[in-house]
Amino acid sequence: MTKARIIDAGRSDRGWSRVGNFFKCPQLFSYDQRIGVELIPADPLLKGSLGHLLQAHLHGRWGAAQGGCWVDNEWISEPEQLLAPEEAATIWAEANNAERHLPLMLEIFDAYLDQFPEPPGRILAVEHQITGVLGYDPAGDWGLWDRDNPHISPTPLDMPGHPEHGKPITLTRRVDLTIRDGAGRAWVWDHKHQARVNPGKSTEAYAIDGGFTAFRILGRQVWDNFGGLALNLIQTRKPWKVARVPVPFTPWRDTHFAEMLWRAEHQIARLDMDGIDPWTWPKAQHETTCFGRYGGCAALRLCMYGKSEMNQH
Ligand code: SF4
């Protein structure tokens, strides 16, 4: 019998957090991708990872019991192929120095199960990675297409001399969960652990995030009868609360999302080719960009004082 395993619920290979950072601020991208600074504060990252892992194992086992589902890129047909959620979280916490967050995240998970003890539909995929590529479809339409579609002709990076010149431009997304509802429509779900769940405000903020556009553009190519995106908002403070809400469509932005991606990748490559010091890439230097709803940008002091801040970072 196959040994039960842990699901990889980590960042995807070439995800939105990479190019999305560039859209926000080229310097932020450079800290992350060119200098290698750890930008996400450890505690929220560990808590979010534990929460995702618990959800992934819950839904993965449910999907297996329903007749099978994709878990990352493997077909799982027996629940026993995956560790129980609590067991997976405990092992992961020990391996990642996150034991201090385990009791809280398990309590939140118990409260979640009390409220939603049943699968939310037919589970199709859990933590499944999908990849988009810029190029032409057989009808001659240019855009962001599912890379697994063999009929797409990629339009590669056009920057002679750059290491990625001639390579296809891709964007990967790890989809937390895909389900099919009672009406037969497929929905991409994203789990969000939040200190305070406030569906009204959250949904528009997430809707405008480019990562969600990529979910929508690719999701309808990967899964037939695609319904859209939904948020599974889980409150991490008492009183425990969960809200499941659809993410509004952003039809206008979606029409030129692929074009923006193309330009951003060429701007990145141009900055590389110019050979400027990665500490001096263009900075957003804007009060609300640098100081957002969760407080100051993780790299605020690096931008204020430069390399000397590295030791304190
Ligand atoms: S502090 Fe502002 S300028 Fe500096 S990396 Fe962050 S967002 Fe960019």
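The legends below describe close-up views of a predicted model.

**View 1**
Helix H9 covers residues 257-274. At 1.5 Å a residue, its 18 residues should span 26 Å, and the end C-alpha atoms are 26 Å apart, which agrees. Ala258, Leu261, Glu265 and Ile268 are the buried residues of H9. They cover an arc of only 85° around the axis, so they sit on the same side of the helix. Arg263, Arg270 and Asp274 are exposed on the other side of H9.

**View 1. What covers H9.**
The cover over the buried residues of H9 includes one helix, H1 (16-24). It also includes strands E3 (122-136), E4 (142-146) and E6 (170-180).

**View 2. The crossing of H1 and H9.**
The axes of these two helices come within 10 Å. They cross at roughly 80°. Angles of 65 to 115 degrees count as roughly perpendicular, and H1 and H9 are therefore roughly perpendicular to each other. On the H1 side of the meeting are Val19, Phe22 and Phe23. On the H9 side are Leu261, Ala264, Glu265 and Ile268. Of these, Leu261, Glu265 and Ile268 are also listed among the buried residues of H9.

**View 3. Helix H2 and its packing.**
H2 runs over residues 26-35. Its buried residues are Gln27, Leu28, Phe29, Ser30 and Tyr31. They pack against H1 and against helix H11 (300-305). Just after H2, glycine 36 has a positive phi of about 85°.

**View 4. Leucine 50 in the largest nonpolar core.**
Nonpolar side chains tend to be buried together in soluble globular proteins. Here the largest nonpolar core has 67 residues. Those with the most contacts inside it are Leu50, Leu53, Cys69, Ala89 and Val126.

**View 5. Glycine 68 in the loop between H3 and E1.**
This loop lies between helix H3 (42-65) and strand E1 (69-71). Glycine 68 has 14 C-beta neighbours inside 10 Å and so counts as partly exposed. Leaving aside neighbours within four places in sequence, glycine 68 is in contact with Gly63, Trp75, Ile76 and Ser77. Leucine 124 is 56 residues from glycine 68 along the chain, and their C-alpha atoms are separated by 7.8 Å.

**View 6. Glutamine 66 in the loop between H3 and E1.**
Glutamine 66 is found in the loop between H3 and E1. With 15 C-beta neighbours inside 10 Å, glutamine 66 counts as partly exposed. Glutamine 66 touches Pro119, Arg122 and Ile123, not counting residues up to four places away in sequence. Proline 154 is 88 residues from glutamine 66 in sequence. In space, C-alpha to C-alpha, glutamine 66 and proline 154 are 37 Å apart.

H7 comprises residues 210-222. Its 13 residues, at 1.5 Å a residue, should span 18 Å. The end C-alpha atoms are 18 Å apart, which agrees. Buried residues in H7 include Gly210, Phe212, Thr213 and Ala214. Phe215, Leu218, Gly219 and Val222 are buried too.

Notes. Residues are numbered from 1 along each chain as its sequence is written. This is a predicted model: local features need pLDDT of at least 70, side-chain atom pairs count only at pLDDT 80 or more; totals for chains, interfaces and linings use all residues. Helices (H or I, at least four residues) and strands (E, at least two) are DSSP runs, numbered from the N terminus. The expected span of a helix is 1.5 Å times one less than its number of residues. A residue is buried if 20 or more other C-beta atoms lie within 10 Å of its own, exposed if 12 or fewer, and partly exposed in between; C-beta atoms are placed from the backbone. The arc is that of the directions from the helix axis to the C-beta atoms. Two residues are in contact if their C-beta atoms, placed from the backbone, lie within 7 Å. A nonpolar core is a set of buried Ala, Val, Leu, Ile, Met, Phe, Trp, Tyr and Cys residues joined through C-beta atoms within 7 Å. Axes are lines fitted to C-alpha atoms, for helices over the stretch in contact, and angles run from 0 to 180 degrees between N-to-C directions. Angles under 35 degrees count as roughly parallel, over 145 as roughly antiparallel, 65 to 115 as roughly perpendicular and the rest as oblique.
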